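Could you walk me through this structure in the viewer, one selection at a time? I would like to know what to click next and what is there.

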Amino acid sequence: MSATAPRRIWLCADDYGISPGVNRAIRELIADRRLNATSVMMVGPAIDREEVQALQAVAEAADCAVGLHATLTAPFSPLTMHYHPLHGGIFLPLGRKLRGSLLRRHDRAIIATELTAQLEAFADRFGRMPDYVDGHQHVQLFPQVRDAFVGAVKALAPHAWVRQCGRSQPLAQRLGAPKALLLDTLSGPFRKRAAHAGLSTNPGFAGAYDFSRETDFATLMASFLDGLPDGGLVMCHPGFVDDLLISLDPFTDQREREHEFLASDRFPALLAAHNVTLLRRSDAAAAPSPTEN
């Protein structure tokens with residue numbers, strides 16, 4: 001056994017609310033203490049009061065954190081009437097949203113109003129504000145969006161922490177993954193804005209990979225844990241594939257592979273081998289500290 005204290009991390013399942021199959025898979029993993037956080041899409045089609053109550057029951061029993069998965073990209077629709085720009089009544093696709101943000105073509109006030117509505121919808125369904133707030137497809141990191149995001153969270157949920165997606169490894173170890181490198185770049189300004197607002201962030205991040213390729217998730221998880229600091233966060237997307245998920249998201253079979261590994265005996269063995277344990281919501285030291293690094 002290692003003589004050093006274990007690293008405590010967040011393992012967060014994104015996309016609760018996207019489909020019943022995803023919801024059920026996430027709840028099963030929470031009940032089995034294989035997850036300690038899940039992010040809820042309040043614009044998702046599978047987030048009625050029954051799905052919320054089912055999540056609340058297992059999350060409370062397992063001392064699991066529940067956050068808001070702020071969503072501003074297709075194929076989902078806004079909660080607010082006057083949100084724009086839209087494409088056929090739904091949010092813009094990811095590429096167009098990022099490009100418009102980089103070119104400063106969006107209205108931060110409009111974005112802030114939508115994010116406020118999603119926070120208020122969470123509070124209405126769950127009876128409280130979220131433990132943390134992150135973004136579907138990392139939209140919280142985008143220029144213009146990040147200012148509106150930080151402002152909305154600060155105003156409505158100042159005690160929530162927010163997800164940054166920058167890795168903590170040396171630069172030489174980060175150059176081989178273009179997607180993760182982009183997230184590193186976008187996360188720097190986001191961390192500074194969050195710290196200036198007094199919001200806490202996770203000190204490290206892992207979980208990004210090429211969803212279009214068939215991969216061994218056990219090997220990926222081992223790489224995610226390497227170098228992840230205490231309080232760091234690993235993003236995951238477990239789920240059971242159903243017709244609704246297929247209609248909304250190309251990320252399908254990979255979700256079942258993630259669920260299979262996390263539900264297996266190999267996962268706790270991997271955590272033990274890396275001297276890692278999962279945080280609990282009630283842990284007084286769980287919340288990361290504001291940082292501008």
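Predicted model: local features only at pLDDT ≥ 70, side-chain atom pairs only at ≥ 80, totals over all residues.

Phe 217 sits in helix α7, which covers residues 217–225. Is Phe 217 buried or exposed? With a relative accessible area of 4%, Phe 217 is buried, because buried here means under 20%.

Now show what surrounds this side chain. Leaving aside residues up to four places away in sequence, Phe 217 touches Tyr 209, Phe 224, Cys 236, Glu 258, Phe 261 and Leu 262. For a sense of distance, pick Met 235 as well: Phe 217 and Met 235 are 18 residues apart in sequence, and their C-alpha atoms are 12 Å apart in space.

**Next stop: the nonpolar core**

Select Met 221 and Leu 262. In the largest nonpolar core, which has 89 residues, Met 221 and Leu 262 are the ones with the most contacts inside it. Which residues does Met 221 touch, not counting those up to four places away in sequence? They are Leu 11, Val 234, Phe 261, Leu 262, Phe 267 and Leu 270.

**Next stop: charged pairs**

Side chains of opposite charge can pair when their charged atoms come close.

Select Asp 131 together with Arg 128. Asp 131 and Arg 128 form a salt bridge, with the closest N and O atoms 3.2 Å apart. Asp 131 is buried, at a relative accessible area of 15%, while Arg 128 counts as partly exposed at 28% relative accessibility.

Arg 281 counts as partly exposed, with 39% relative accessibility.

Move on to Asp 134 and Arg 163. Their salt bridge brings the closest N and O atoms to 2.7 Å apart. Asp 134 lies in strand β4 and Arg 163 in the loop between β5 (161–162) and α6 (178–196), so this pair ties together parts that are 29 residues apart in sequence. Are these two residues buried or exposed? Both Asp 134 and Arg 163 are buried.

For one more charged group, select Arg 8, Asp 230 and Asp 283, which are linked in a network of salt bridges.

**Last stop: the whole chain**

Clear your selection, zoom out and switch to the cartoon view. The secondary structure of the protein chain comes to 10 helices and eight strands. The radius of gyration is 18 Å, close to the 19 Å that the globule rule gives for 293 residues, so the chain is as compact as a globular protein of that length. Along the principal axes, the C-alpha atoms fill a box of roughly 55 × 40 × 40 Å.

Of the 293 residues in the chain, 56% are buried.

Terms used:
Residues numbered from 1 in each chain as written. Heavy atoms only, no water. Helix = DSSP H or I, 4+ residues; strand = E, 2+ residues; numbered from the N terminus. Buried < 20%, exposed > 50% of the residue type's maximum accessible area, 1.4 Å probe, protein only. Contact = heavy atoms within 4.5 Å. Salt bridge = Lys/Arg side-chain N within 4 Å of Asp/Glu carboxyl O. Core = buried A, V, L, I, M, F, W, Y, C linked by side-chain atoms within 4.5 Å. Rg over C-alpha atoms; globule rule 2.2 N^0.38 Å.
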